[in-house]
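Here is a friendly walk through one chain, from its overall make-up down to single residues. Have the sequence and the 3D view ready as you read.

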Amino acid sequence: MKAVMKVSMAAFLIVLMVAGVTYGQDKLRVFTGILPQKFFVEQIGKGAVDVDVMVQPGASPHTYEPRPQQMVAISRAKLYFAIGVQFENVWLKRIASSNPSMKIIKTHEGIERVPMMGHDHEEEGGHQGHSHEGSAPDPHIWLSPPLVLIQARNILSALQEADPSNFDLYEANYRDLVSRVISIDSELRNIFKDKKGISFMVFHPAWGYFARAYGLSQIPVEIEGKEPKPSQLQRLIQDAKARNVKVIFTQPQFSTRSAEQVAREIGGQVITVDPLALDWVENMREVAEKFKAGLR
Ligand SMILES: [Zn+2]
């Protein structure tokens with residue numbers, strides 16, 4: 001009698017333990033490289049996915065170095081969504097080897113990337129001796145709504161494959177995100193409809209794919225990742241005047257000194273937009289509003 005009790009008690013404890021473990025692992029744990037990607041995965045995985053991000057707010061994805069506790073957190077993730085930003089060139093191998101069972105998803109799969117214009121990302125600091133001048137593809141694909149649609153599709157497939165039990169949930173969430181991206185895209189198309197070919201300046205040239213999507217042209221202020229020298233600045237000012245630039249974008253991660261100087265000289269305005277804001281939808285809406293105001 002006593003023995004039977006013991007056995008059933010043990011069985012009961014095992015059931016509790018298994019239930020507890022299952023409960024704790026309820027959500028699919030995934031990692032993303034940058035905040036806008038975290039947003040996309042959170043939207044598509046809403047209710048079923050626990051999303052962590054590598055590049056912390058305020059940090060640059062070109063030079064980021066993961067913290068030790070992030071490398072620990074990586075060991076619990078099932079998926080890692082890469083996006084082709086520069087710190088991954090240095091870290092992705094280490095990230096992969098610290099959790100061999102984790103699947104690495106290329107969110108940029110199927111997107112034809114172009115070389116970074118007038119600009120060498122390698123010069124932004126850190127990683128000396130690791131250079132691919134001229135050939136480095138522009139990583140800023142998340143700032144083009146049409147390209148975000150491709151990224152969203154890649155995220156959807158990866159989540160559905162990793163967690164088929166929530167296949168339909170992911171599909172529904174995906175459709176919801178897609179409709180919001182499309183609405184922003186048409187809003188932007190509307191703003192730029194009569195403004196094809198206009199130029200805007202940017203300190204850090206993160207808006208190349210955005211410019212392509214809406215027939216605009218982006219003039220970088222930053223030269224090889226640095227503030228321009230006084231003589232280069234004079235050329236930029238002349239260029240800005242000749243091309244009738246009215247708007248100069250800067251971002252919180254970089255200095256705005258030269259952008260402000262150019263703006264003063266040309267009577268344009270400096271607009272601070274964070275290409276790495278978490279809430280992509282809200283951020284793009286703000287970008288649209290700012291462009292609308294700046295181009296008036
Ligand atoms: Zn960048």
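## The chain as a whole

In this predicted model, the chain has 10 helices and 8 strands. Of its 296 residues, buried ones make up 36%. Among contacts with a separation of 6 or more, 64% are between residues 24 or more positions apart.

## Strands and their pairing

Let us begin with the open sheet. This sheet has 4 strands, arranged in the order β6-β5-β7-β8, with parallel pairing. Its edge strands are β6 (217–220) and β8 (269–272), each of which pairs on one side only. From one strand to the next, the twist averages 30°.

| Strand pair | Sense | Bridges | A residue and its partner |
|---|---|---|---|
| β7 and β8 | parallel | 4 bridges | Ile248 with Val270 in β8 |

Next comes the pair α8 and α9. Helix α8 spans residues 230–242, and helix α9 spans residues 257–266. Their axes come within 10 Å and cross at roughly 45°. On the α8 side, the contact is made by Leu233, Leu236, Ile237, Ala240 and Lys241, and on the α9 side by Ser258, Gln261, Val262, Glu265 and Ile266. Sorted by class, the contact has 6 nonpolar, 2 polar and 2 charged residues.

Finally, have a look at Asn244. This residue sits in the loop between α8 (230–242) and β7 (247–250). Is Asn244 buried or exposed? Asn244 counts as exposed because it has 10 C-beta neighbours inside 10 Å, and the cut-off for exposed is 12 or fewer. What separates Asn244 from Ser199 in sequence and in space? The two are 45 residues apart along the sequence, while their C-alpha atoms are 7.3 Å apart.

Notes:
Residues are numbered from 1 along each chain as its sequence is written. This is a predicted model: local features need pLDDT of at least 70, side-chain atom pairs count only at pLDDT 80 or more; totals for chains, interfaces and linings use all residues. Helices (H or I, at least four residues) and strands (E, at least two) are DSSP runs, numbered from the N terminus. A residue is buried if 20 or more other C-beta atoms lie within 10 Å of its own, exposed if 12 or fewer, and partly exposed in between; C-beta atoms are placed from the backbone. Two residues are in contact if their C-beta atoms, placed from the backbone, lie within 7 Å. Axes are lines fitted to C-alpha atoms, for helices over the stretch in contact, and angles run from 0 to 180 degrees between N-to-C directions. Ala, Val, Leu, Ile, Met, Phe, Trp, Tyr, Cys and Pro count as nonpolar, Asp, Glu, Lys and Arg as charged, and the others, Gly among them, as polar. Two strands pair if DSSP finds at least two bridges between them.
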